[in-house]
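I wanted to go through this model one piece at a time and write down what I looked up. The entries follow in the order in which I made them.

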Amino acid sequence: MEQWLVGVDLGGTTVKLAFVSIYGEIICKWEIPTDKSENGKYITTHIAKAIDEKLRELDESKERLIGIGIGAPGPVNMATGDIYEAVNLGWKNFPLKNRLEVETGLPVVVDNDANIAAIGEMWKGAGDGAKNLILVTLGTGVGGGIIVNGQIVHGTNGAGGEIGHITSIPEGGAPCNCGKTGCLETIASATGIARIATERLQQTDEPSRLRHVWNEAGAVTAKDVFDAVKENDALAQQIVDEVTFHLGLALAHLANGLNPEKIVIGGGVSKAGDVLAQAVAHHFKRFAFPRVAEAAEIVIATLGNDAGVIGGAWLVKTNMA
Ligand SMILES: [Zn+2]
């Protein structure tokens, strides 16, 4: 019997689950809402139930499953599989590995959500097997995963790969959720891009498509900015230039230390596609050591929302299969 891997991507609103073949092909994927009531105490029970119900639906038994690889939105104690803290879920020192193993009767391996997305892209996505890779995800926040010699960088206390909190504006930057100011996240996240766009619209009378959007909708989004760039809107181009300057600079600093083969840009903002990748590459090349710039290819993520579950499955494959 061919066995399956279970990948789970635990987010603040939904839990994405998939049964995946040992070759990384999704056999079946689905999602359930994240129950954050009572500090997230029911989450593991719901995951266990969801797996059992899906097996019943497919008329399969648990013997099919090798184990579970799960990504959680917070720093992970890699020795114990505990989550130090997941603010979104209400967890503090939550024994995720232990609870999920008890509830499912399956072995569980835990990692951070951005890290498993990086692994997914390395294995089956834009990373194309590259063993030295940086993933930066531009969503509501800016997340990251760093892979060196095929291994995720966890760091000393689980905070490795926190690309979003590289300081881009040392003095007088916007406040960040982490407590600092001027983090890359305050500039290159969807929220950051929208904030910068609004500020620029307030500072100038320059005609722009964005001004129409702003007047009509009362707000502009990151998507509006990139859509306007595709229409050659000058103000939108300036905003993207400002954002990608900081992104390219931060990635060049990282790359000078890591010498990666691929830099993968994911998250909702990456739907902007080539316009974004080319603008980041332009600034990246200015600031990276020439030999580092030569080796690194900047690409858009290809797995979308599946990156996490595929990365989770890879964890099972490499740790248990
Ligand atoms: Zn920060």
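I began with strand 6 (residues 82–86) and strand 7, which pair in the antiparallel sense over 3 bridges; strands here are DSSP runs of E with at least two residues, helices are runs of H or I with at least four residues, and both are numbered from the N terminus. Two strands count as paired if DSSP finds at least two bridges between them. Looking across at strand 7, I found Phe94 opposite Ile83.

I noted the source before going on: this is a predicted model, in which local features need pLDDT of at least 70 and side-chain atom pairs count only at pLDDT 80 or more, while totals for chains, interfaces and linings use all residues. Residues are numbered from 1 along each chain as its sequence is written, and side-chain values use heavy atoms, with hydrogens and water left out.

I then traced the open sheet, whose 3 strands run in the order 5-6-7 with antiparallel pairing. Strand 5 (76–77) and strand 7 (91–94) are at the edges with a single partner strand each, so one side of each has no neighbour in the sheet.

Next I turned to helix 6 (residues 190–203) and helix 9 (residues 234–258), which pack at an angle of about 135° with their axes 10 Å apart; axes are lines fitted to C-alpha atoms, for helices over the stretch in contact, and angles run from 0 to 180 degrees between N-to-C directions. That makes helix 6 oblique to helix 9, given that angles under 35 degrees count as roughly parallel, over 145 as roughly antiparallel, 65 to 115 as roughly perpendicular and the rest as oblique.

For the residues involved, I listed Ile193, Ile196, Ala197, Arg200 and Leu201 in helix 6, which meet Leu235, Ile239, Glu242 and Val243 in helix 9, contact meaning heavy atoms within 4.5 Å. By class, the residues of this contact are 7 nonpolar, no polar and 2 charged, where Ala, Val, Leu, Ile, Met, Phe, Trp, Tyr, Cys and Pro count as nonpolar, Asp, Glu, Lys and Arg as charged, and the others, Gly among them, as polar.

I also checked helix 6 against helix 7 (residues 209–217), where the axes come within 11 Å and cross at roughly 100°; the two helices are therefore roughly perpendicular to each other. Here Thr198, Leu201 and Gln202 in helix 6 meet Leu210, Arg211 and Trp214 in helix 7, a contact with 3 nonpolar, 2 polar and 1 charged residues.
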